[in-house]
Amino acid sequence: MSVIDCDYLPADKVVFPPELALLIIRKASAMAAAFEEQALDQLTRDARRALSLGTEPRRIIREMRL
């Protein structure tokens, strides 16, 4: 048996319902927005902490790769 003729490969293409695709897109978008908000909060906290410790803004920019 060659690699191309393996019986574990699906014989038929799966029909992906458009409504399922839309729900997945909406969920992914909501997850991305939540992650973005968390990342923004964390980066802001880290920058504030560094500033309160007397770190120069240019160093914070460099270390945070902004």
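Start by selecting Phe16, Leu20 and Ile24, which make a nonpolar surface patch of about 280 Å². Areas come from the Shrake-Rupley method with a 1.4 Å probe, and for residues only the protein chains shown count as cover.

The model is predicted: local features need pLDDT of at least 70, side-chain atom pairs count only at pLDDT 80 or more, and totals for chains, interfaces and linings use all residues. Residues are numbered from 1 along each chain as its sequence is written, and side-chain values use heavy atoms, without hydrogens and water.

Leu20 is partly exposed, at 37% relative accessible area (buried is under 20%, exposed over 50%, partly exposed in between). Leu20 belongs to helix α1, residues 18-52; helices are DSSP runs of H or I, at least four residues, numbered from the N terminus.

Now select all of α1. Its 35 residues reach 51 Å from first C-alpha to last, close to the 51 Å expected at 1.5 Å a residue (1.5 Å times one less than the number of residues). After α1 comes Gly54, with a positive phi near 90°.

Move on to Arg65, in the segment after α2 (57-63). Arg65 has a positive phi near 55°, though it is not a glycine, and is exposed at 77% relative accessible area.

Finally, show the whole chain. Buried residues make up 6% of its 66 residues.

Conventions
Patches are made of residues with over 30% relative accessible area and no salt bridge: like charges are joined within 9 Å, nonpolar side chains (Val, Leu, Ile, Met, Phe, Trp, Tyr) within 5 Å. A salt bridge is a side-chain nitrogen of Lys or Arg within 4 Å of a carboxyl oxygen of Asp or Glu. Helices (H or I, at least four residues) and strands (E, at least two) are DSSP runs, numbered from the N terminus. Buried means under 20% relative accessible area, exposed over 50%, partly exposed in between (1.4 Å probe, protein chains only).
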